[in-house]
Amino acid sequence: MIDFIEELRWRGMLQDMMPGTEEQLRKEPTAGYIGFDPTAASLHIGNLATIMLLVHFQRAGHKPYALVGGATGMIGDPSGRSTERDFLSEETLRHNQEGIRAQLTRFLTFDDSANSAEMVNNYDWFKGITFLGFLREAGTHLTVNYMVAKDSVKKRLETGLSFTEFSYQLLQGYDFYWLYKNKGVRLQMGGSDQWGNITTGTELIRRKEGREEYQAFALTTPLITKADGTKFGKSAGSNIWLDPAMTSPYQFYQFWLNAADADCPRLIRVFTLLSREEIEELERQHNEAPHLRILQKAIAKDVTIRVHSQTGYDLAVKASEVLFGKATIDTLRTIQENEFDVIFEGVPQTNVSRTDLEAAKDLIDLLAVATRGEIYSSKGEARRALAQNAVSINKQKSNETTALSDLEWLQNRYLVVSKGKKSHLIRLD
C-alpha cells in the first residue's frame, strides 16, 4: 500500500492542499472525488493527469469517486478561459457522458471491495432542485465578495462574465456538499486551476455544517506544461483524445514518442505507474544514449497499453516500423485487412481499378498512368526515379525490369510504394 501524498510528492504531482489533508489521509481510508464535465465525447490527455490522481488514490487504499457533470456541463467552467463556452444540447451531453463513463472504467477498479471506484452524475441531484430552492440551500451561505475574490472570476471581470458562469463555482461547491452528506466524501481533487472552485466546496460544507474547523479538504495537481512553458496535450493544434476514433492508437503512440527530452522526466512520473527505481534506471540509460529515445519509448508503451490495450500498442508499434522504421516485406505480410486503414491513416492513397491495372504494360505505367499521376506525374518522372534506385515496392527496391506479375499484393489488394522516406498506398478496387 502506497502513501498517497508521498507518492504525489516524488512524482511532482502535488501543487496545493488544505491544512489537515495529509493528516486525514493518513488517519483512515478516505473517500475523494474529481469532476469531469462532458464538454466532449472523449476525455483527453490533459484529463489523464487528473485521472492519475484517482488511480494513485485508489492504490493507496482510499475510495475514488468520478463525478460526470451532467448538470454543470450545461454551463461550463470559466476557469482558465477568456470567453464563455458554447452551450451543448442535452442529447449531446448525454452522449458525451456515456463516452466518459466508458473511458474511466479502464483506469479505476470497479468491484465489490471497500475502496471500489464509483461514478456519480450531478444531474441526478440537481434535476430535482428548483432555482429558489438552490438559492436557499447554497446561495445564502457564500457572499458575493467571497466568490468575486476567486481567480477564475477576477480574470474574467475585465472581459465580461455572465451570471451563468459566475454561478458555476456555487454549483461545484454544492456537488462537494452533496457528496459529503450522501457519500461521506471528504476530499476533492483536481488541476491547480480548480483550486478556487474546490475550496468553495470546503467553505460551503463548513458553513452549512456550522463548524469552525474544516470537515472537508482540497488537493490539486500542477497543470502539465512543456519545458518551454507552452501548453501540453496538443498535436498540430488538436487535442490528443483517449477515444481511438478521435485519436488513433498510432497517433497516440507517436505523440509520446515525439516528446522532447526535457519533458520526459516529468511525463514519465505523471502519466505512468512505473516505480521510482524503474524510472531512475530508465533515465540513467537514456542519458547514456539519448538517440535511442529510451524514455520516450517507455512512456509511449506504458500509456498506450493502459489507454488502448496491448493490441492497440502492438498495432501502433507495427505502424511506426512500417512508416518510419526498418520494416521488411515480412512485416508487411503480417498486416491484417482491417489494420491497413489504421496504419496508413494520413498516408497518401490511390485506388486503382482492376481494369486500369490490366491495361498497365509495366511498372512505369502503374506508377504514373494507372494511379492517375498521384504518385509520379509522368512516365518520364517514374522512369527516372526507378533508374535512380529511389523506388521501393513493399520495402523491396524496384526498377524498370520489375514485372507487374512479380508484385505481391498484400492481402490481395495493397501495394506500399516508398519514394525515399515517404510512403504511398495503392489500393486495388
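Close-up 1. Asn122 counts as buried because its relative accessibility is 0%, where buried means under 20% relative accessible area, exposed over 50% and partly exposed in between, with a 1.4 Å probe and protein chains only. The structure is a predicted model, in which local features need pLDDT of at least 70 and side-chain atom pairs count only at pLDDT 80 or more, whereas totals for chains, interfaces and linings use all residues. Residues are numbered from 1 along each chain as its sequence is written, and side-chain values use heavy atoms, with hydrogens and water left out. Asn122 sits in the loop between β4 (118-121) and α5 (123-126); helices (H or I, at least four residues) and strands (E, at least two) are DSSP runs, numbered from the N terminus. A polar atom of the Asn122 side chain lies 2.7 Å from the backbone nitrogen of Ala71, and the side chains of Asn122 and Asp175 are joined by a polar contact of 3.0 Å (a pair of N or O atoms within 3.5 Å; within protein, one must be able to donate a hydrogen and the other to accept it, and residues adjacent in sequence count only if both atoms are side-chain atoms). Leaving aside residues up to four places away in sequence, Asn122 touches Leu67, Val68, Gly69, Gly70, Ala71, Thr72 and Asp175, contact meaning heavy atoms within 4.5 Å.

**Close-up 2. The crossing of α10 and α11.** The axes of helix α10 (residues 168-183) and helix α11 (residues 195-209) come within 8 Å and cross at roughly 55°, so that α10 is oblique to α11 (under 35 degrees counts as roughly parallel, over 145 as roughly antiparallel, 65 to 115 as roughly perpendicular and the rest as oblique). Axes are lines fitted to C-alpha atoms, for helices over the stretch in contact, and angles run from 0 to 180 degrees between N-to-C directions. Residues of α10 including Tyr168, Phe176 and Tyr180 meet residues of α11 including Ile198, Leu204 and Lys208.

**Close-up 3. The contact of α12 with α15.** Helix α12 (residues 249-257) and helix α15 (residues 294-323) have axes that come within 7 Å and cross at roughly 100°, which makes α12 roughly perpendicular to α15.

**Close-up 4. The contact of α14 with α15.** The axes of helix α14 (residues 276-288) and α15 come within 8 Å and cross at roughly 140°, and the two helices are therefore oblique to each other. Leu282, Glu283, Gln285 and His286 of α14 make this contact with Ile294, Leu295, Gln296 and Ala298 of α15.
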